[in-house]
Amino acid sequence: MADIGRNAPCPCGSGRKYKHCCIDRETALRAEPLPAGRFRYEPGSYGGPGGYFPSLLCYKEVSPDTWEEYFCLAKSDTVVDDEDSATAMATEHLNAAFAVQDAGGSAADFALSLRHAGYKNVEGFRVVPEQNTGPK
C-alpha cells in the first residue's frame, strides 16, 4: 500500500490534511492486535430501490464450516441505481485490497486500503434474505 504523505489530502474525503485528520487513528489501528479467527468477505450491495451502495460483508468462522456475519462495510459516497453495479464496484475494491495483501501488506494494510477507498462500518446492519417469488 502506498504511503500517504502527511501534507496530502486525507483519503477519508474530509478535505483536511492527512496529518490533521486520520493519521493518528490509522497509526493506532496499525498498532492494535487484529481479532483472532478466520474471515471471508462477500461483495454486494447495501440499500434498496432508489439507491444502492457498494458493500462488503465480513463473515467470521465461529467453528469449522460455520460462519456468522461479523460486520458490514459500505461505500456511502457512491450511490448507483442497481444492485449489480454496486456489487461489481465492491468486487473491484475487494480485489484491490487483496492485491495489497498479496503484495506483502498486512491485514491492517488490507483494512486501510478499503477505508481509503471510502468504505465505512455500517452500525446495526441486517442482511435481508433474497425472496424466492417463484414463477409468475
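Biologist: In strand E3, which residue is the bridge partner of Ser55?

Modeller: Ala74 is the bridge partner of Ser55 in E3. Before going on, note that this is a predicted model, in which local features need pLDDT of at least 70 and side-chain atom pairs count only at pLDDT 80 or more, while totals for chains, interfaces and linings use all residues. Residues are numbered from 1 along each chain as its sequence is written, and side-chain values use heavy atoms, with hydrogens and water left out.

Biologist: How many helices and strands does the protein chain have, and in what order do they run?

Modeller: Helices and strands are DSSP runs numbered from the N terminus: helices are H or I with at least four residues, strands E with at least two. The protein chain has three helices and four strands. From the N terminus on, the order is α-β-β-β-α-α-β.

Biologist: In what order do the four strands form the sheet?

Modeller: Strands of a sheet pair through backbone hydrogen bonds, in either the parallel or the antiparallel sense. Two strands are called paired if DSSP finds at least two bridges between them. Here the four strands make an open sheet, ordered E1-E2-E3-E4, with antiparallel pairing. Strand E1 (39–48) and E4 are the edge strands, each pairing on one side only.

Biologist: How many bridges join each pair?

Modeller: E1 and E2 run antiparallel and are joined by 10 bridges. Eight bridges join E2 (residues 51–63) to E3 (residues 66–74), again antiparallel. E3 and E4 pair over two bridges, in the antiparallel sense.

Biologist: Which residues could I follow across the sheet by eye?

Modeller: Start at Pro43, whose bridge partner in E2 is Leu56. Leu56 in turn stands opposite Leu73 in E3. The bridge partner of Leu73 in E4 is Asn121.

Biologist: Where does Asp65 lie, and what is its phi?

Modeller: Most residues other than glycine have a negative phi. Asp65 lies in the loop between E2 and E3, and its phi is near 65 degrees, a positive value in a residue other than glycine. The hairpin of E2 and E3 has two residues between the strands.

Biologist: What are the cut-offs for buried and exposed?

Modeller: Buried means under 20% relative accessible area, exposed over 50%, and partly exposed in between, with a 1.4 Å probe and protein chains only. Of the 136 residues of the protein chain, 27% count as buried.

Biologist: Which residues make up the largest nonpolar core?

Modeller: A nonpolar core is a set of buried Ala, Val, Leu, Ile, Met, Phe, Trp, Tyr and Cys residues joined through side-chain atoms within 4.5 Å. The largest one has eight residues: Leu56, Leu73, Ala90, Leu94, Ala97, Phe110, Leu114 and Tyr119. H2 and helix H3 (107–116) are the elements that give two or more residues to this core. H2 supplies the largest share, three residues. Apart from this core lies another, of five residues, including Leu57, Tyr59, Cys72 and Ala74.

Biologist: Is His93 buried or exposed?

Modeller: His93 lies in helix H2 and counts as buried because its relative accessibility is 19%. Not counting residues up to four places away in sequence, His93 touches Lys75, Leu114, Ala117 and Tyr119. A polar contact is a pair of N or O atoms within 3.5 Å; within protein, one must be able to donate a hydrogen and the other to accept it, and residues adjacent in sequence count only if both atoms are side-chain atoms. The side chains of His93 and Tyr119 make such a contact at 2.8 Å.

Biologist: Where does Glu123 lie?

Modeller: Glu123 is in the segment after strand E4 (120–121), and Glu123 counts as exposed because its relative accessibility is 69%. A polar contact of 3.2 Å links the side chains of Glu123 and Asn121. Glu123 and Cys72 are 51 residues apart in sequence, and their C-alpha atoms are 8.0 Å apart in space.

Methods:
Contact means heavy atoms within 4.5 Å.
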